[in-house]
Every structure is written in C-alpha cells, then in structure tokens.
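Please look over the sequence and the model shown here. The paragraphs after it are meant to be read with both in view.

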Amino acid sequence: MSTAEMPIAGSYDILIVGAGPAGSSAARAAAQKGAAVLMVDRRQRIGVPVQCAEFVPRAISSYVNFSSKCIAQTVETMITHLPDQRSYEMKSPGFMLDRSLFDKELAASAVLSGAEISMGTRAMKCSQEGVAIERGGKHEWVRAKVIIGADGVRSSVAQWAGLPPGRTTIALQYEVVLPHPQNHVDIYFHKDYEGGYAWFFPKGKTANVGIGVVSHRTSSLPNLMEGFLNRLIDLKKMGRIEIIGKTGGAIPCEKPRQTVFSNIMLAGDAAGHAHPITGAGILNAVIGGEMAGRIAVESLARGDLNHLWQYETEWREAFGASLSYGAFKRDFLEENWNKPEIDFESLIRKTWVGFKEYYEDRRKK
Ligand SMILES: Cc1cc2nc3c(=O)[nH]c(=O)nc-3n(C[C@H](O)[C@H](O)[C@H](O)COP(=O)(O)OP(=O)(O)OC[C@H]3O[C@@H](n4cnc5c(N)ncnc54)[C@H](O)[C@@H]3O)c2cc1C
C-alpha cells in the first residue's frame, strides 16, 4: 500500500510516542487537562524487558504517585569504592524499584486520566499527513496537533526533528541471587571501566550488578563483567555466581539539547535528560514528561505553538544546570581517563557525584 492510501487511525490533540516514565507522565498531565491523547509503544507489554538498574532517589515520591508494591526495597546510603581500596559512604536515600511494575502503574494512571494507549504500535515516520504507525502488520496515519517524543535513547522522533544520534554510554547488567540483605548501593571504579563504573544494587533477594562504559569500549563489557562478578565473590558479596537475568542498553550522556521543534517536543531519554555522569534518568523523565504534557495542552488552549518553548525554559530551570555541569564533568573525565600523568583516584573524586570535589568547579561554570 502506498502511504497516500493508508487509512487514518484517528485525530488527537497530542500523540505521545513511547510509554516509559516520560511518555506516561506526559500523557497523564495532558489527559488530566482534558486533551485528546494517544500514547503508542512498540512493545507488547509496558516496561518489559526492564533495561534499568532500578534505583531512584526517594524524592521521586514528590513528583509521582506509585504504590509501595513498586518498591523492591529501600536504600539508605551509597558506598563508593576506589581502586586504592578506600571506600566512602554518603547518604543516598532511595528506592530500588520493580521498574516494570512502576512503568505499568504510570501508564495505568495516564489511561485512568483519560489517555488512550496502543501497545505493539511503532511510530514509523512523520509527514504532512501525520505520523505513520504500524500495528499488527497494518500501516495507518495518526493525526495530532502536537507530537511528544518520549521514545527513549534511540529516539525516532528526535531524528524526525533533525537531531543527530546523541552521545551515550553502554551498560551490561545481570540480576544475581543475593544471599545477604543489604541496605546500601555500591559503586566501584576501575581504570578498565572506561568513562563509567560498576554497580551492585540490592533488591531484596536479588541484586542488579552492572557495568557502564564509553560506547567504543562496548565489546569489553562481557569480560569486565566476569571479572567484576569474581571480585564480588572475593568481597563476599555473594557465595557463587547465580545469574537469573541479563539486560543492558544505552544511556544518554549528552549536553542539554534543543527539545522543541515546531509541533514536536522531546522528553526523557529522547531529550537526553539522563545525568551524564550517573546515568540516572527516571526522575528527570517523570518531571520533564509532566512539563511537556501540561505545556502542550496550554499551547493548544492558547492556539499558540510558540508557547511550547515554555517547556524548554521550565526543564532548563528545573534540572538543566545539573545536566550541563554533569556534561562538563564527563568531558573532563573522558579527556583525562587514559592520561598516565593523571592520578586516577583524584580524577574520580573530581568527577563522581559522591565526592565534594565534584561540586568545586560549580561556581566557576
Ligand atoms: C542498564 C541501564 C541501567 C539504568 N539504571 C538506571 C537507574 O538505576 N536509575 C535511573 O534513574 N535511570 C537508570 N537508567 C536510565 C533510565 O532507564 C532511563 O533514563 C529511563 O528509562 C528514561 O525513561 P523514558 O521514558 O525517557 O524512556 P524509556 O523508558 O526508554 O521508554 C521509551 C519507550 O519508547 C518506546 N519506543 C521507542 N521507539 C518507539 C517507536 N518508534 N514507536 C513506539 N514506541 C517506541 C520503547 O518501547 C519504550 O517503551 C538506566 C539505563 C540503563 C540502560
């Protein structure tokens, strides 16, 4: 079938591509204000497969409602381990989520607020006719006044808006059986984990064990993971290696980019809103998604798409400075990682959020 012959699936105020935390937060905010909202996701099931280490700061509860069933366990502190064997503990109150349930609850809230959802539906391209979608082998057009790209790190919508692929780190993660409960998260630095770090995040009877590195070191990840698991055994974190799940994926580590293009808005990872040093992106996806949905509706009510730029202003005010500073630290980290004259421990102290040295350049920026 030629694209001209494709049927129109429907006309909406707002089409949201992607039903992760950013998309569902946008859909809920827009539907609550009475807009006709369609949210599509190419996956068959919300939140599956999980591609996440599932840690969020406890402050997330101030921005989104979710049930206690989404919390696998609480966490009190973060211990950062440097290669010189020294460890540093800092307060880091947070939740280890059941991320698939969390995403499902957010999507359910959006639907209960009045949004329509269509799973197994891939957004293919954008033209004058609308957005071409493919579901169950059928190709259709969806008409929408505003399109919110919440379609994650490899966003098609960002590409339609003309953005080149963003810079990312790449992570590999295993879920392992955890013999002893613990109420802190562990972060490990090593010269081999180039531009990244390894983590051990407890989740009740299991733990998420992962390593993230700069993208050109992706092929080293399986070997690094084997070494890390053996190290965890030496550290008595686990008795033997019992892997019950494997996942991974790309994480944006970008300088803040433009997120409004005519009638297109980008939110969450599609907007590059994960922190360039830690890779944490769930909280910003929730905050930015809500802003995008709310401001899209305001713009339609005013009949003025220029008002969409208010979104760019609001997210920059809320977390733009932290992302810019993180991107500045990432450049410094990657430039210096392999320099033999640089003391590795000092480099990590200057570039990891768990050390006071991280914040020392902030006033100069
Ligand atoms: C290994 C790993 C560990 C991580 N650990 C943490 C952590 O511990 N804490 C934290 O805060 N962050 C973490 N992150 C980052 C976090 O997962 C993301 O920042 C977060 O998921 C962003 O939410 P989002 O809604 O923007 O995108 P996503 O959650 O990626 O959702 C995007 C959705 O868009 C859909 N989609 C994509 N393309 C299309 C299309 N063309 N048509 C229709 N649907 C489409 C996808 O199916 C997906 O459901 C981690 C990431 C990785 C990879």
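This is a predicted model: local features need pLDDT of at least 70, side-chain atom pairs count only at pLDDT 80 or more; totals for chains, interfaces and linings use all residues.

Residues are numbered from 1 along each chain as its sequence is written.

The protein contains seven helices and 16 strands. Helices (H or I, at least four residues) and strands (E, at least two) are DSSP runs, numbered from the N terminus. The C-alpha trace spans about 65 × 45 × 40 Å along its principal axes. The radius of gyration of the protein is 21 Å, which agrees with the value near 21 Å for a compact globule of 365 residues. That radius is taken over C-alpha atoms, and the globule rule is 2.2 Å times the number of residues to the power 0.38.

Of the 365 residues, 46% are buried. A residue is buried if 20 or more other C-beta atoms lie within 10 Å of its own, exposed if 12 or fewer, and partly exposed in between, with C-beta atoms placed from the backbone. Two residues are in contact if their C-beta atoms, placed from the backbone, lie within 7 Å. Among contacts between residues at least 6 apart in sequence, 70% join residues at least 24 apart.

In soluble globular proteins, nonpolar side chains tend to be buried together. Here the largest nonpolar core has 107 residues, and those with the most contacts inside it are Ile-14, Val-37, Ile-148, Met-265, Ala-267 and Ala-296. Helix H5 gives the most to this core, with 11 residues. A nonpolar core is a set of buried Ala, Val, Leu, Ile, Met, Phe, Trp, Tyr and Cys residues joined through C-beta atoms within 7 Å. Not counting residues up to four places away in sequence, Ala-267 touches Ala-22, Ala-26, Ile-148, Ala-150, Ala-285, Gly-288, Gly-289 and Ala-292.

Helix H5 has 21 residues and reaches 30 Å from its first C-alpha to its last, close to the expected 30 Å. The expected span is 1.5 Å times one less than the number of residues. Because 18 of its 21 residues are buried, H5 is largely enclosed by the rest of the structure. Leaving aside neighbours within four places in sequence, Ile-287 is in contact with Tyr-63, Ala-318 and Phe-319. Ile-287 and Ser-25 are 262 residues apart in sequence, but 7.7 Å apart in space, C-alpha to C-alpha. After H5 comes Gly-303, with a positive phi near 65°.

Ala-271 lies in the loop between strand S16 (264-266) and H5. Ala-271 counts as buried because it has 35 C-beta neighbours inside 10 Å. Beyond four places in sequence, Ala-271 touches Arg-257, Thr-259, Leu-266 and Gly-288.

Which residues are closest to the ligand? They are Gly-18, Gly-20, Gly-152, Gly-268 and Gly-281, in a shell of 38 residues. Among the elements that give two or more residues to this shell are helix H1 (21-32), strand S2 (37-41) and helix H5 (282-302). A residue is near a molecule if its C-beta atom, placed from the backbone, lies within 6 Å of it. The shell divides into 18 nonpolar, 13 polar and seven charged residues. Ala, Val, Leu, Ile, Met, Phe, Trp, Tyr, Cys and Pro count as nonpolar, Asp, Glu, Lys and Arg as charged, and the others, Gly among them, as polar.

Some backbone details remain. Most residues other than glycine have a negative phi, and most peptide bonds are trans. The peptide bond from Val-48 to Pro-49 is cis, with omega near 0°. Pro-49 lies in the loop between S2 and S3, and Glu-54 is found in the loop between S2 and S3 as well. Glu-54 has a positive phi near 75° and counts as buried, with 22 C-beta neighbours inside 10 Å. Lys-236 also has a positive phi, of about 65°, but Lys-236 is exposed, with 9 other C-beta atoms within 10 Å.
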